[in-house]
Amino acid sequence: MSDPYASRTAVHEQETEGFGTVRVLPLDAEADAGVIHRWVSEERAAFWGMTGLTERQVAEIYAHMATLTTHHAFLVVREGEPVALLQTYEPEADRVGECYDVRPGDIGVHLLLAPAGPGGGRPGWTARLVAVVAAYVLLGLDRRRVVVDPDVRNEKAVARFLRQGFTAGPVVVLPEVDLPDVYLPEKKAQLAFLDREILFPA
């Protein structure tokens, strides 16, 4: 099977024994809208906040994000198959920055995993994928600490981050954002942090 993503330039590429090659590609708002729309429309992605949007609206959101210097979106591809949507952001330029003491070297991350295939989930699969994403964010971008802010009701995501070595921070209320290009309702979030030394001891 040919890889439809092979011609696209990756910002990070990593081969893991027994898992294959994972590539992190800058999201193409037009080309990738169909895949992303399918993922965010599923009930399991309700906390992503896009379940009611059309494919065109999803494309417009990511086209807008592509104009920003503080927020970035990526498609994570494993062996030619899209497996996750990754978003990175500068916490001081995001509403989360109002809710904790931002340190130099912090980077915010949102990660939406693709639905499990026909065979269902595979043990260790998510951990390997998150390890590749962490290598890109912490080593590739030379950051000291990752911050995540899953909805407190999203118990699966919170538990997954804690299993990956994140330390739980405070529960905070992220303020509503109401701008011409972006609307985000108020969100009660569980902050969690991962220091680079935990995964990549010097």
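**View 1. Eleven salt bridges are counted in this predicted model.** A salt bridge is a side-chain nitrogen of Lys or Arg within 4 Å of a carboxyl oxygen of Asp or Glu. Local features need pLDDT of at least 70, side-chain atom pairs count only at pLDDT 80 or more, and totals for chains, interfaces and linings use all residues. Residues are numbered from 1 along each chain as its sequence is written, and side-chain values use heavy atoms, without hydrogens and water.

**View 2. Arginine 103 and aspartate 195 form a salt bridge, at 3.8 Å from N to O.** Arginine 103 is in the loop between E4 and E5 and aspartate 195 is in strand E10, so the pair joins parts 92 residues apart in sequence. Strands (E, at least two residues) and helices (H or I, at least four) are DSSP runs, numbered from the N terminus. Arginine 103 is partly exposed at 46% relative accessibility; buried means under 20% relative accessible area, exposed over 50%, and partly exposed in between (1.4 Å probe, protein chains only).

**View 3. Arginine 196 and aspartate 142 meet in a salt bridge, at 2.8 Å from N to O.** Arginine 196 belongs to helix H5 (residues 196-199), and aspartate 142 to the loop between H3 and E6, 54 residues apart. Arginine 196 is buried at 15%, whereas aspartate 142 is exposed at 52%.

**View 4. The largest nonpolar core has 28 residues.** Such a core is a set of buried Ala, Val, Leu, Ile, Met, Phe, Trp, Tyr and Cys residues joined through side-chain atoms within 4.5 Å. Helix H3 gives the most to this core, nine residues.
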